[in-house]
Amino acid sequence: MGLIAIGAGLAVLVGIGAGIGIGIATGKAVEGIARQPEASGKIQTSLLLGAALAEATAIYGLIGAILIIVLLK
């Protein structure tokens, strides 16, 4: 039971980390667009790429946690 709780905790921590990372990136992108509106296309492209990578990390963490829970059950 303890290892299942560790797997669930891992999923929560990875999700929180990805959320914080995407939130910070979005805030910085908005600041960048406010300062240089003419560069908004490049900033949005970089933001979407970064958000996708952060989400991928969260998905890997979720899959890892699910594997821990299923394999140790």
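At 23% relative accessibility, Gly64 counts as partly exposed, a label given to residues between the limits for buried (under 20% relative accessible area) and exposed (over 50%), with a 1.4 Å probe and protein chains only. Gly64 is found in helix 2, and the protein chain to which it belongs has 2 helices and 0 strands. The radius of gyration of this chain is 17 Å, well over the 11 Å that the globule rule gives for 73 residues, so the chain is more spread out than a compact globule. The radius is taken over C-alpha atoms, and the globule rule is 2.2 Å times the number of residues to the power 0.38. Helices (H or I, at least four residues) and strands (E, at least two) are DSSP runs, numbered from the N terminus.

The model is predicted, so local features need pLDDT of at least 70 and side-chain atom pairs count only at pLDDT 80 or more, while totals for chains, interfaces and linings use all residues. Residues are numbered from 1 along each chain as its sequence is written, and side-chain values use heavy atoms, with hydrogens and water left out.

**The chain as a whole**

- Along its principal axes, the C-alpha trace of the protein chain spans about 55 × 15 × 5 Å.
- Of the 73 residues of the protein chain, 12% count as buried.
- The protein chain exposes about 5,200 Å², of which carbon and sulfur atoms supply 75%; accessible areas come from the Shrake-Rupley method with a 1.4 Å probe, and for residues only the protein chains shown count as cover.
- Among contacts (heavy atoms within 4.5 Å) between residues at least 6 apart in sequence, 70% join residues at least 24 apart.

- Helix 1 covers residues 2-35, and at 1.5 Å a residue its 34 residues should span 50 Å, which agrees with the 50 Å between its end C-alpha atoms; the expected span of a helix is 1.5 Å times one less than its number of residues.
- Helix 2 has 32 residues and reaches 46 Å from its first C-alpha to its last, close to the 46 Å expected at 1.5 Å a residue.
- Gly7, Ala18, Ile22 and Ala29 are buried in helix 1, and the buried residues of this helix pack against helix 2 (40-71).
- In helix 2, the buried residues are Ala54, Ala58, Gly61 and Ala65, and what covers the buried residues of helix 2 includes helix 1.
- An α-helix has 3.6 residues a turn, so residues three or four places apart point the same way.

**Where the chain comes back to itself**

- The C-alpha atoms of Gly64 and Gly7 are separated by 7.8 Å, although these residues are 57 residues apart along the chain.
- Gly9, whose place is in helix 1, is partly exposed with a relative accessible area of 29%, and its C-alpha atom is separated by 8.1 Å from that of Ala65, 56 residues apart along the chain.
- Ile4, also placed in helix 1, is partly exposed with a relative accessible area of 22%; leaving aside its neighbours within four places in sequence, Ile4 is in contact with Ile69 and Lys73.
- The C-alpha atoms of Ile4 and Leu72 are 7.0 Å from each other, with the two residues 68 residues apart along the chain.
- Ser40 lies in helix 2 and counts as partly exposed at 23% relative accessibility, while the C-alpha atoms of Ser40 and Ala29, 11 residues apart along the chain, are separated by 8.6 Å.

**A nonpolar patch on the surface**

- Leu3, Ile6, Ile59, Tyr60, Leu62, Ile63, Ile66, Leu67, Val70, Leu71 and Leu72 form a nonpolar patch on the surface, with about 1,100 Å² of accessible area together.
- Patches are made of residues with over 30% relative accessible area and no salt bridge, where like charges are joined within 9 Å and nonpolar side chains (Val, Leu, Ile, Met, Phe, Trp, Tyr) within 5 Å; a salt bridge is a side-chain nitrogen of Lys or Arg within 4 Å of a carboxyl oxygen of Asp or Glu.
- Helix 1 and helix 2 each supply at least two residues of the nonpolar patch, and its largest share, 8 residues, comes from helix 2.
- Leu71, one of the patch residues, lies in helix 2 and counts as exposed at 68% relative accessibility.
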